[in-house]
Amino acid sequence: MIVPTDFKQAIKAGDTPQIQLYLNGSTITAQQSSLLQEAITNYARLTAHPQPPLKLVMATINADTKSDPTQFLSELYKGMSLLLSFLVGLTLMPNLLIEEKEKKTLRMLMVTPATFSDVVLGKLLTTLLYQLVLSFIILFITGGPSGNIALVLLYILLGATLALSGGLLIGTLFQTSSSAGAFSGLATTCFFLPTIFGGPLGELIGRGNIFQEILHMLPTYYLTDGLYGALQAQSSLSTQLLDIGITLGSTLVLLLLAAWFLRHQARVAVAI
């Protein structure tokens with residue numbers, strides 16, 4: 001590019017100085033050439049008239065929360081705290097059942113008018129109440145409900161029941177805490193991985209890789225996806241229905257499996 005020595009002075013004086021621009025057609029595309037010419041023209045225009053012809057005032061409505069780092073981190077922290085709180089019910093429920101088995105106190109309970117099912121149901125409801133209270137405390141500590149509040153409350157209930165169903169199944173399968181420890185660790189991982197890598201952080205990492213495909217096989221992934229979508233109020237109706245359906249269906253499957261094992265154990269307990 002050849003620029004005259006008095007280029008700026010000529011422009012400010014109202015003249016039209018000539019600039020010679022040489023482009024290598026083998027390395028510069030037509031679009032790049034057009035952008036370069038536009039940049040030179042805009043520079044000349046600003047040099048001739050440095051003051052803008054108008055004052056532009058911009059205001060953003062319906063802002064994307066992902067563009068605000070503070071809001072993004074706040075929602076990420078709230079979602080992770082709620083999801084990880086479900087681990088309390090997942091680990092507490094089997095411990096209550098296995099404790100009765102290890103201490104042999106189940107026989108003493110069977111002497112009372114309460115049945116084996118009544119004992120299990122009492123522990124299940126107590127743990128569910130404790131889990132819900134804990135989740136709501138965490139929700140308000142982290143700033144209170146946001147996004148689609150009704151869906152957020154629904155996912156808290158779904159997450160609590162899913163965790164308790166898994167904990168109930170673990171408590172019925174194993175007789176000692178040591179034998180249940182490894183399985184409880186695996187169940188905890190199924191909650192932990194989607195919580196960390198299935199929400200907004202998963203979007204930053206990128207979709208379509210093998211790790212994301214594995215996460216999609218976990219029911220807890222859909223709980224995570226639904227809760228984060230409810231907090232951001234950005235998920236579509238079809239996505240929410242899918243997340244709710246898979247979470248609820250997984251809960252029912254776990255409850256049915258636990259009920260089947262409990263029925264067998266109830267017969268044993270009555271025989272004792």
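Which kind of crossing, left-handed or right-handed, does helix 6 make as it passes helix 7?

Modeller: Helix 6 goes past helix 7 in a right-handed crossing (near helix turned clockwise from the far one; left-handed is anticlockwise by less than a right angle). Before going on: this is a predicted model, with local features needing pLDDT of at least 70, side-chain atom pairs counting only at 80 or more, and totals for chains, interfaces and linings using all residues. Numbering runs from 1 along each chain as its sequence is written, and side-chain values use heavy atoms, leaving out hydrogens and water.

Helix 6 covers residues 149–173 and helix 7 covers residues 177–197 (helices are DSSP runs of H or I, at least four residues, numbered from the N terminus). Their packing angle is about 160 degrees and their axes are 10 Å apart (axes are lines fitted to C-alpha atoms over the stretch in contact, with angles from 0 to 180 degrees between N-to-C directions). That's why helix 6 counts as roughly antiparallel to helix 7 (over 145 degrees). On the helix 6 side, Leu-162, Ala-163 and Ile-170 meet Ala-180, Phe-183, Ser-184, Ala-187 and Phe-191 of helix 7 (contact is heavy atoms within 4.5 Å). By class, that contact has 7 nonpolar residues, 1 polar and no charged (nonpolar: Ala, Val, Leu, Ile, Met, Phe, Trp, Tyr, Cys, Pro; charged: Asp, Glu, Lys, Arg; polar: the others, Gly among them).

Skipping neighbours within four places in sequence, Leu-87 touches Thr-188 and Phe-191. Leu-87 counts as buried because its relative accessibility is 16% (the cut-off is under 20% relative accessible area, 1.4 Å probe, protein chains only). Leu-87 and Gly-167 sit 80 residues apart in sequence, yet their C-alphas are 9.3 Å apart in space.

Helix 7 also packs on helix 10, at about 40 degrees with axes 8 Å apart, and that crossing is right-handed. Here Cys-190, Phe-191, Pro-194 and Thr-195 from helix 7 meet Thr-220, Tyr-221, Leu-223, Thr-224 and Tyr-228 from helix 10. The tally is 6 nonpolar, 3 polar and no charged residues.

Zoom in on Thr-224, which belongs to helix 10 (residues 219–232). Thr-224 is buried, at a relative accessible area of 1%. A polar atom of the Thr-224 side chain lies 2.9 Å from the backbone oxygen of Thr-220.

Note on methods
Helices (H or I, at least four residues) and strands (E, at least two) are DSSP runs, numbered from the N terminus. Angles under 35 degrees count as roughly parallel, over 145 as roughly antiparallel, 65 to 115 as roughly perpendicular and the rest as oblique. Buried means under 20% relative accessible area, exposed over 50%, partly exposed in between (1.4 Å probe, protein chains only). A polar contact is a pair of N or O atoms within 3.5 Å; within protein, one must be able to donate a hydrogen and the other to accept it, and residues adjacent in sequence count only if both atoms are side-chain atoms.
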